[in-house]
Amino acid sequence: MTAEILVCAADALADGGKGVRFPLRAGGEDTTGFVVRYGGKVYGYLNRCAHVPIELDWAEGEFFESSGLYIMCSTHGAIYMPENGQCAGGPCRGGRLRPIAVNEHDNNIYWQPDDYVGPRP
């Protein structure tokens, strides 16, 4: 089992607020993942829109649209449900965000590499 990798302090994430980006490799490419808090739980995703493979945030860590209920792609307005990454509207047409396993313990947020996402060398 691969060791967990620290993302940030748990109190860095407010419910429906700013997320935290972190560097990783996905499918052999350097990119980023992100974590957000929604409904009291932490969720992690690859920072890549299901519609067009571009980063979602419109300013660093700004993933939620104005209501704080949906993650939104800054480029095309695709919206995703934060609790499962499923497309809820816009051009993503039934797509979903690629989840990344995250854990919250000891007042910190950690992510867990898998067979597709891993730490940058």
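The structure holds five salt bridges, a salt bridge being a side-chain nitrogen of Lys or Arg within 4 Å of a carboxyl oxygen of Asp or Glu. Before I go through three of them, the provenance: this is a predicted model, where local features need pLDDT of at least 70 and side-chain atom pairs count only at pLDDT 80 or more, while totals for chains, interfaces and linings use all residues. Residues are numbered from 1 along each chain as its sequence is written, and side-chain values use heavy atoms, with hydrogens and water left out.

Start with R21. R21 forms a salt bridge with E55, and the closest N and O atoms are 3.0 Å apart. R21 lies in strand 2 and E55 in the loop between strand 4 and strand 5, so this pair ties together parts that are 34 residues apart in sequence. Strands here are DSSP runs of E with at least two residues, helices are runs of H or I with at least four, and both are numbered from the N terminus. For exposure, buried means under 20% relative accessible area, exposed means over 50%, and partly exposed is in between, with a 1.4 Å probe and protein chains only. R21 is partly exposed at 25% relative accessibility, and E55 is partly exposed at 32%.

R21 also forms a salt bridge with D57, again with the closest N and O atoms 3.0 Å apart. D57 sits in the loop between strand 4 and strand 5 and R21 in strand 2, so the pair ties together parts that are 36 residues apart in sequence. D57 counts as buried, at 9% relative accessibility.

Next, E104 and R37. They form a salt bridge with the closest N and O atoms 3.1 Å apart. E104 lies in strand 8 and R37 in strand 3, so that pair ties together parts that are 67 residues apart in sequence. E104 is partly exposed, with a relative accessible area of 41%, whereas R37 is buried at 11%. As for networks, salt bridges that share partners join R21, E55 and D57 into one.

Now the sheets. Strands of a sheet pair through backbone hydrogen bonds, either parallel or antiparallel. Two strands are taken to pair if DSSP finds at least two bridges between them. Seven strands form an open antiparallel sheet in the order 1-9-8-4-3-2-10. Strand 1, residues 5-9, and strand 10 stand at the edges with a single partner strand each, so one side of each is left without a neighbour in the sheet.

Within that sheet I will follow strand 2, residues 20-26. Its covered face consists of V20, F22, L24 and A26, and its uncovered face of R21, P23 and R25. Strand 2 pairs with strand 3, residues 29-38, in the antiparallel sense over seven bridges. The bridge partner of L24 in strand 3 is T31. The two strands form a hairpin with two residues between them, and G27 in the turn has a positive phi of about 60°. On strand 10, residues 117-118, strand 2 has two bridges, also antiparallel. There A26 has V117 as its bridge partner, and R25 stands opposite G118.

The other sheet is open too, with three strands in the order 5-6-7 and antiparallel pairing. Strand 5 (71-72) and strand 7 (87-89) are its edges, each with a single partner strand, so one side of each has no neighbour in the sheet. Two bridges join strand 5 to strand 6, residues 79-80, and the bridge partner of M72 in strand 6 is I79.

Which residues touch the most other members of the largest nonpolar core? They are V7, L24, V35, I109 and W111, out of 16 residues. A nonpolar core is a set of buried Ala, Val, Leu, Ile, Met, Phe, Trp, Tyr and Cys residues joined through side-chain atoms within 4.5 Å. Strands 1, 2, 4 (41-46), 8 (99-105) and 9 (108-112) each supply at least two residues of this core. Strand 2 gives the most, with four residues. Apart from this core lies another, of 15 residues, among them Y45, L56, F64 and C92.

Take I109 as an example, with contact meaning heavy atoms within 4.5 Å. Leaving aside neighbours within four places in sequence, the contacts of I109 include V7, L13, V35, R37, V42 and E104.

Last, the annotation. An unreviewed UniProt entry lists residues 5-111 as "domain: Rieske"; UniProt positions are given in the numbering used here, feature names are shortened, and annotations may be inferred rather than shown by experiment. In the model, the end C-alpha atoms of residues 5-111 lie 5 Å apart, and the span is 0% helix and 43% strand.
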